[in-house]
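Please consult the structure shown below alongside the text.

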Amino acid sequence: MSRLKNKVAVITGGNSGIGFGIAQELKNDGAKGVIVGRNQETLDSSVALLGDNFIAINADVTNLDDLQKVFKETSEKFGKIDILVANAGAGTTGTVADVSEADYDKTMDLNLKSVYFTVQKSLPFMNDGASVILIGSNAAHRAYPSFGLYGAAKAAVIFLAKSFSNDLLERKIRVNVITPGTTDTPAFDKFVPEEHIEAVKTQFAGLMPIGRIGQPSDIGKVAVFLASEDSSFLLGSEILVDGGMTYLSK
Ligand SMILES: NC(=O)c1ccc[n+]([C@@H]2O[C@H](COP(=O)([O-])OP(=O)(O)OC[C@H]3O[C@@H](n4cnc5c(N)ncnc54)[C@H](OP(=O)(O)O)[C@@H]3O)[C@@H](O)[C@H]2O)c1
């Protein structure tokens, strides 16, 4: 398929998990562009898999100067941006009884502030009619123990798809959000000791109405839809890609 032929994409966090899955699916549909992250090793290995039409830029999405650099370099190399995926983010844990001010700021800086400014800093380098895809989380809809602050940040991201779309109406830039459920990515490594990872994934699969956890390609295929003209009537929408885990009771 080549619905995205010659379209220029930027995917933050495109060197791991869901972001890499999105980059692969966009590439499979003809897009070219940039993946962004901080880990040079995974940036190099990911871009090698994506092939010649992709480059990697090492940047921290919580740093506004870095964001400026990403979009300037992208447009110098490829021209103006058609598809922006603000995916970089990470779950954090803690309850209202114990989250410190520093932890609060870190969670919000990465999961909310970075999304706001990723979109803002991209705008001068973006084509009118572009598609912006934000990444939410099912934790924005259900209060999972210890994921409250992360869920609140993601709930705000889901709202931003609407307000950004409103702000950008004149430029016909559509902003929509994909909300993944539990997805098989290296993020598991941060919460679960290595020897328990497979058991925990199996346990999660048993809890999912659909009977398995998500794969990054499940999210990537929906990103292709949102990036393409097939979704031209979607504006400020949220698509749950969660195997039913958010709203179905098993
Ligand atoms: N996996 C799930 O079950 C799940 C469910 C719902 C929502 N999500 C959301 O999906 C998105 C991707 O998560 P994932 O599971 O794919 O996690 P992952 O495999 O850990 O990937 C996270 C990505 O974000 C990048 N990143 C993190 N902090 C960054 C920073 N300050 N600057 C630049 N890049 C940064 C990482 O790159 P570097 O390490 O190189 O910086 C990495 O590429 C996140 O927004 C997450 O909240 C995940």
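In helix 3, Leu64, Leu67, Gln68 and Phe71 meet Phe117, Thr118, Lys121 and Ser122 of helix 4, where contact requires that the C-beta atoms, placed from the backbone, lie within 7 Å. By class, this contact of helix 3 with helix 4 comprises four nonpolar, three polar and one charged residues; Ala, Val, Leu, Ile, Met, Phe, Trp, Tyr, Cys and Pro count as nonpolar, Asp, Glu, Lys and Arg as charged, and the others, Gly among them, as polar. The model is predicted, with local features needing pLDDT of at least 70 and side-chain atom pairs counting only at pLDDT 80 or more, while totals for chains, interfaces and linings use all residues. Residues are numbered from 1 along each chain as its sequence is written.

**Overall architecture**

- The chain contains eight helices and seven strands, which are DSSP runs numbered from the N terminus (helices: H or I, at least four residues; strands: E, at least two).
- Taken along the principal axes, the C-alpha atoms of the chain fill a box of roughly 45 × 40 × 40 Å.

**Helix 3 and helix 4**

- The axes of helix 3 (residues 64-78) and helix 4 (residues 101-122) come within 9 Å and cross at roughly 40 degrees; axes are lines fitted to C-alpha atoms, for helices over the stretch in contact, and angles run from 0 to 180 degrees between N-to-C directions.
- Helix 3 is therefore oblique to helix 4, given that angles under 35 degrees count as roughly parallel, over 145 as roughly antiparallel, 65 to 115 as roughly perpendicular and the rest as oblique.
- Helix 3 and helix 4 form a right-handed crossing (right-handed if the near helix is turned clockwise from the far one by less than a right angle, left-handed if anticlockwise).

**Helix 4 and helix 5**

- Helix 4 packs against helix 5 (residues 148-167) at an angle of about 15 degrees, with the axes 9 Å apart, and helix 4 is therefore roughly parallel to helix 5.
- The crossing of helix 4 and helix 5 is right-handed, and the residues making the contact include Tyr104, Met108 and Leu112 of helix 4 and Leu149, Ala153 and Leu160 of helix 5.
- This contact of helix 4 with helix 5 has 13 nonpolar, two polar and one charged residues.

- The axes of helix 1 (residues 17-28) and helix 8 (residues 216-227) come within 7 Å and cross at roughly 50 degrees, so helix 1 is oblique to helix 8.
- Helix 1 passes helix 8 in a right-handed crossing, and among the contacting residues are Gly17 and Phe20 of helix 1 and Pro216 and Ile219 of helix 8.
- Around the ligand there are 29 residues, of which Gly13, Gly17, Gly37, Asn39 and Gly89 come nearest (a residue is near a molecule if its C-beta atom, placed from the backbone, lies within 6 Å of it).
- Helix 1 and strand 2 (32-37) are the elements that give two or more residues to this shell, and helix 1 gives the most, with three residues.
- The shell around the ligand divides into 10 nonpolar, 17 polar and two charged residues.

Definitions and conventions
Contact = placed C-beta atoms within 7 Å.
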